[in-house]
Amino acid sequence: MDEPENTLLADDSSDDLENVKTAVRDEEEVKLKETIHFIVSKKCEQESKTSDRKFSREFTYCLADLVYKYAERVARDVEAFSRHAGRKSVRPDDVLLAVRNNDDAVDALAAVMASKGITLPGTKKGKGRKRQRKEKLEKLPVEDVKTIEELDTMDRAVVEIPDTPSDDSRSDNY
């Protein structure tokens with residue numbers, strides 16, 4: 001009879017651990033949302049001082065929520081790009097890839113990376129894929145290389161369609 005009680009205790013402790021993890025995650029999410037709201041509110045206040053515009057509380061809340069959701073999406077994309085590359089850690093090129101459609105974000109990230117001395121793996125000079133492909137083509141034996149006339153003839157042979165019977169000679173057995 002002691003064994004079933006021990007398994008119940010083990011199940012309860014794992015459930016408790018999951019509940020604690022969930023509570024911590026929820027608390028961190030709330031803190032992050034509050035921080036984003038605070039920063040967005042301050043930026044709106046600064047903007048209203050320098051311009052003649054006033055920002056309502058509703059606008060500030062909506063903008064903060066938008067920023068939070070955008071950050072969540074970028075974080076998921078960055079994680080997916082890193083995982084797709086077979087890495088467990090995120091690199092700056094993953095972040096740049098995630099925000100590639102936002103020119104301002106790419107420029108801002110590039111400026112921060114430059115100021116910190118961070119270089120991307122692809123920016124180093126070396127043999128790229130095009131150059132490697134060109135070198136492979138250069139290594140082909142001369143007899144395998146076709147002349148332009150031969151290639152043109154091959155293309156026409158593939159494109160030419162054989163004569164088809166006229167419409168009235170077709171059967172209606174579809």
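Guide: Helices here are DSSP runs of H or I with at least four residues, and strands are runs of E with at least two, numbered from the N terminus. This is a predicted model, where local features need pLDDT of at least 70, side-chain atom pairs count only at pLDDT 80 or more, and totals for chains, interfaces and linings use all residues. Residues are numbered from 1 along each chain as its sequence is written, and side-chain values use heavy atoms, leaving out hydrogens and water.

Visitor: Okay, what pattern does the protein chain follow along the sequence?

Guide: The pattern reads α-α-α-α-α-α. The chain has 6 helices and 0 strands.

Visitor: How many residues does helix H4 have, and how far does it reach?

Guide: Helix H4 covers residues 103–116, so to speak a run of 14 residues, and reaches 20 Å from its first C-alpha to its last. That is close to the 20 Å expected at 1.5 Å a residue, where the expected span is 1.5 Å times one less than the number of residues.

Visitor: And what follows H4?

Guide: Glycine 117, with a positive phi near 75°.

Visitor: New topic! How many salt bridges are there?

Guide: The structure holds 7, each being a side-chain nitrogen of Lys or Arg within 4 Å of a carboxyl oxygen of Asp or Glu. Side chains of opposite charge can pair when their charged atoms come close.

Visitor: Which residue does aspartate 65 meet in a salt bridge?

Guide: Lysine 69, at 3.2 Å, N to O. Both lie in helix H2 (residues 57–84), 4 residues apart, about one turn of the helix. Helix H2 also holds aspartate 77 and arginine 73, again 4 residues apart, and their side chains meet in a salt bridge at 3.7 Å, N to O.

Visitor: How much of the chain is buried, then?

Guide: Buried residues make up 10% of the 174 residues.

Visitor: Last one: how many aromatic pairs does a search of the whole structure find?

Guide: It finds 1. Phenylalanine 55 and phenylalanine 59 are stacked, 5.3 Å centre to centre with 20° between the planes. Rings of Phe, Tyr and Trp (its six-membered ring) pair if their centres lie within 6.5 Å; planes under 30 degrees apart count as stacked, over 60 as edge-to-face and the rest as tilted.

How values were computed. Buried means under 20% relative accessible area, exposed over 50%, partly exposed in between (1.4 Å probe, protein chains only).
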